[in-house]
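Here are a few quick notes to read alongside the model.

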Amino acid sequence: MRVLLIGANGYIGRFVADRLLADPAVQLTALGRGDDADVRFDLASGSPGALTRFLDAVHPQVVVNCAGATRGGARELTRHNTVAVATVCEALRRSGCGARLVQIGCGAEYGPSQPGSSTAEDAVPRPGGPYGVSKLAATELVLGSGLDAVVLRVFSPAGPGTPAGSPLGRLAEAMRRAMQSGDGELKLGGLGAQRDFVDVRDVARAVHAASLSAAQGVINIGSGRAVRLRDAAAVLARVAGYGGALHELDGPPGTHLRPAIGHPRADSDHATPVAYPDGCGSWQQADVRTARDRLGWRPRINLEESLADIWMEAACRI
């Protein structure tokens with residue numbers, strides 16, 4: 001099976017590439033902006049015509065799009081998350097390759113949800129920020145393209161390679177600094193949010209399964225369980241062996257956990273913020289029954305293992 005992977009150097013794309021390369025039946029070509037891509041192409045500025053010519057030359061059977069931006073202003077997010085996907089869809093429509101499209105969406109497309117609820121694919125999306133809006137617009141482009149396509153709405157990916165600027169990445173970095181300097185107390189803000197964490201390697205397995213399936217439409221990819229960020233912080237402290245005190249500055253009155261995550265200064269203005277700026281409010285949990293039924297996929301890696309891998313990378317950072 002000939003697969004064209006777009007965004008192979010990104011956080012999710014790297015693990016998708018590893019998963020696909022491990023399948024002897026897959027012939028993989030990577031397209032991206034980096035020098036190590038098989039073909040250099042910038043979706044945000046390249047023309048559909050140029051991409052069409054490449055598709056006709058390579059003739060992939062599946063196109064997997066892991067490219068996109070998670071940070072930046074509305075214009076930048078729109079360019080990398082929406083315009084880029086419009087280019088992919090138009091090129092596939094023009095091409096004679098007839099490839100199936102697997103698009104990586106995100107849970108932020110849904111926006112805030114009721115605490116205690118599980119969000120299914122038929123929920124009405126109401127994104128609460130420009131990132132979610134840009135990704136939802138991309139999903140709508142894919143669904144309206146008439147292509148053989150599936151969108152995997154990935155909730156909160158975790159595990160090796162987690163960006164240092166992400167909430168879990170900031171937690172790990174704050175803990176590394178505290179342990180390095182011998183601080184016995186840490187202070188962080190924004191630990192009250194609950195998110196559905198799914199290991200990035202499980203996400204790669206879902207992409208592989210979607211590439212081989214005939215499933216179309218939107219499919220949620222998550223663990224099916226919301227975890228409070230303060231609980232994830234306590235697990236991270238345990239796997240790191242940090243024995244200091246944990247103070248959550250903006251938690252419920254009297255919140256004092258052991259061990260604690262944060263910043264050694266007593267001034268709350270200097271606390272390290274780890275809140276999720278995804279516009280999804282205080283709660284998000286995926287209903288993952290569709291992934292089970294249509295892809296035969298279930299998450300395998302638990303959050304403690306994901307956090308242990310995040311810590312291992314943070315502890316080795318110089």
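**Notes on helix packing**

1. Start with the contact between helix 5 and helix 9: Leu-168, Ala-172, Met-175, Arg-176 and Met-179 in helix 5 touch Leu-307, Ile-310, Trp-311, Ala-314 and Ala-315 in helix 9. Contact here means heavy atoms within 4.5 Å. Sorted by class, that contact has nine nonpolar, no polar and one charged residues (Ala, Val, Leu, Ile, Met, Phe, Trp, Tyr, Cys and Pro count as nonpolar, Asp, Glu, Lys and Arg as charged, the others, Gly among them, as polar).

2. A word on the basis: this is a predicted model, where local features need pLDDT of at least 70 and side-chain atom pairs count only at pLDDT 80 or more, while totals for chains, interfaces and linings use all residues. Residues are numbered from 1 along each chain as its sequence is written, and side-chain values use heavy atoms, leaving out hydrogens and water.

3. Helix 5 spans residues 167-181, and its axis lies 9 Å from that of helix 9, at an angle of about 50°.

4. Which residues of helix 7 meet helix 9? They are Ala-232, Val-235, Leu-236, Arg-238, Val-239 and Ala-240, and they meet Leu-303, Glu-304, Leu-307, Ala-308 and Trp-311.

Terms used. Helix = DSSP H or I, 4+ residues; strand = E, 2+ residues; numbered from the N terminus. Axes fitted to C-alpha atoms, helices over the stretch in contact; angles between N-to-C directions.
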